[in-house]
Amino acid sequence: GTVEAPASGSNDNSGSISGFGFGLSDFELKMNSLTEYGLYFNVNLSLGAGGVGIAGMTKLGVVGALSNSKPEFKEIDIDSIVVRGDFGPIKINGLLAFFDHDPKFGNGIHGALEADFVVGKINAETYFGEMGGYDYFGVGGSLFMTNGVPLFAGLTMNGFGGGYYHNMELVDGLPDSTAIGNQASGTPVYLNVEPARDKSIFAANLILSYVNPDIVNMNIRAGFEINGNGGLSQMQLSGNGYIFSNPPANDAAMIQGVADITLGFQPVAEFTASIAVNAKLGPIVVNVPISMHAGGVKEEYWFYVGVPDQRVTAELLKIGIDSKGEKDALWALLTANAYLCTGNKLPAFPPLPDNVRSFLYGGGGSQVSGTAYNKSGEDSKLFDLISTGSGGGFMFGARVDVGAGLDFAIFY
């Protein structure tokens, strides 16, 4: 790479190499043979860009030789660069090589390393460089593993495709779960990237499984937000999950779900999740919407399994009714719905059924709708508590509907 040395006469042992700062230390004069000698020293690199930096080190030697009793330059002896450290929210460990005046990547360093992302470790490709007056860096790749990498408590990562890139772009986008799953197991595939000013991404598509892919498998997209100090400020997870299924097609799953999850870390920890589960257990079809939240500036928490206007629904019995709702001469339908909500923030209280409303108002049947109702008697205290109570609470509702019919004709 291009080396810029300290100013002549300076006591400062620092400069720049391929656009990155470096320091010199541990000078040592060696005689390799009777006619060959060299000055060896450590080069400590600061691979910093965009507020993110790690340290690298290599052993560099300037080697000379005696020719006809005259000293002359022979070669530069340089090791591969070893880099270790925190690359923003990622820990890396690997070997890098210099490149200079590359038409696509400019000046910088390129290599392969082990990258410990938030969700697991993969063998990745990395770039640190300067192109057209701006710095860029990136680390990422794509990898499929049949046996997977254990994360915790039976959860395994079988596939990863993505990375962390600053002032770079993915030319072909992120590989999806199908592309990742079609890769040879254990063989990393590097992504098509190039420098691009003001374009950054920290995202990945993941293939996860629990116990065994046939029991539980998930295709997840993970996105991350980075703060000004290079740390992780937020993580978003979204995707599909399948239980008792047939991966990778997953077209015969007994239970499947769609999830959107956000984990915030700044200014305070905050967790939000929205999950929709659909299950077909023999003749029974169940739909379960789930919402969860905890933390945040307002310290709100809740756990909803259904809400009044989007309930858990179950089709328990269906006879003589086709997919379009057309009914046979003999038909029957049994359905149920329910919701259960708990937390210090509850959804709007639903309108009461007519018979309950009539009972609470002594048979008067006054209309209850939001806050527009007649507060008469002790029952009004119930609604005041529901609408103004600041402590934790819960609400529950359920309903069962039965329908049947028989159409017949008499001929004579």
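**Confidence, then the rings**

A: Happy to! The protein chain has an average pLDDT (the predictor's confidence in each residue, from 0 to 100) of 76, and 69% of the residues score at least 70. This is a predicted model, in which local features need pLDDT of at least 70 and side-chain atom pairs count only at pLDDT 80 or more, while totals for chains, interfaces and linings use all residues. Residues are numbered from 1 along each chain as its sequence is written, and side-chain values use heavy atoms, leaving out hydrogens and water. Take care with residues 1-10, where pLDDT stays under 50; residues 49-55 are also below 50.

Now to the rings. Five aromatic pairs turn up across the whole structure, counting rings of Phe, Tyr and Trp (its six-membered ring) with centres within 6.5 Å; planes under 30 degrees apart are stacked, over 60 edge-to-face and the rest tilted. One of them joins Phe137 and Tyr164 edge-to-face, with 5.7 Å between centres and 75° between planes. Phe137 belongs to strand S11 (residues 134-152) and Tyr164 to strand S12 (residues 155-166), so this pair ties together parts 27 residues apart in sequence. Strands here are DSSP runs of E, at least two residues, numbered from the N terminus.

Phe137 is buried, because its relative accessibility is 1%, and Tyr164, at 6%, is buried too; buried means under 20% relative accessible area, exposed over 50%, partly exposed in between (1.4 Å probe, protein chains only).

Note on methods. Contact = heavy atoms within 4.5 Å. Helix = DSSP H or I, 4+ residues; strand = E, 2+ residues; numbered from the N terminus.
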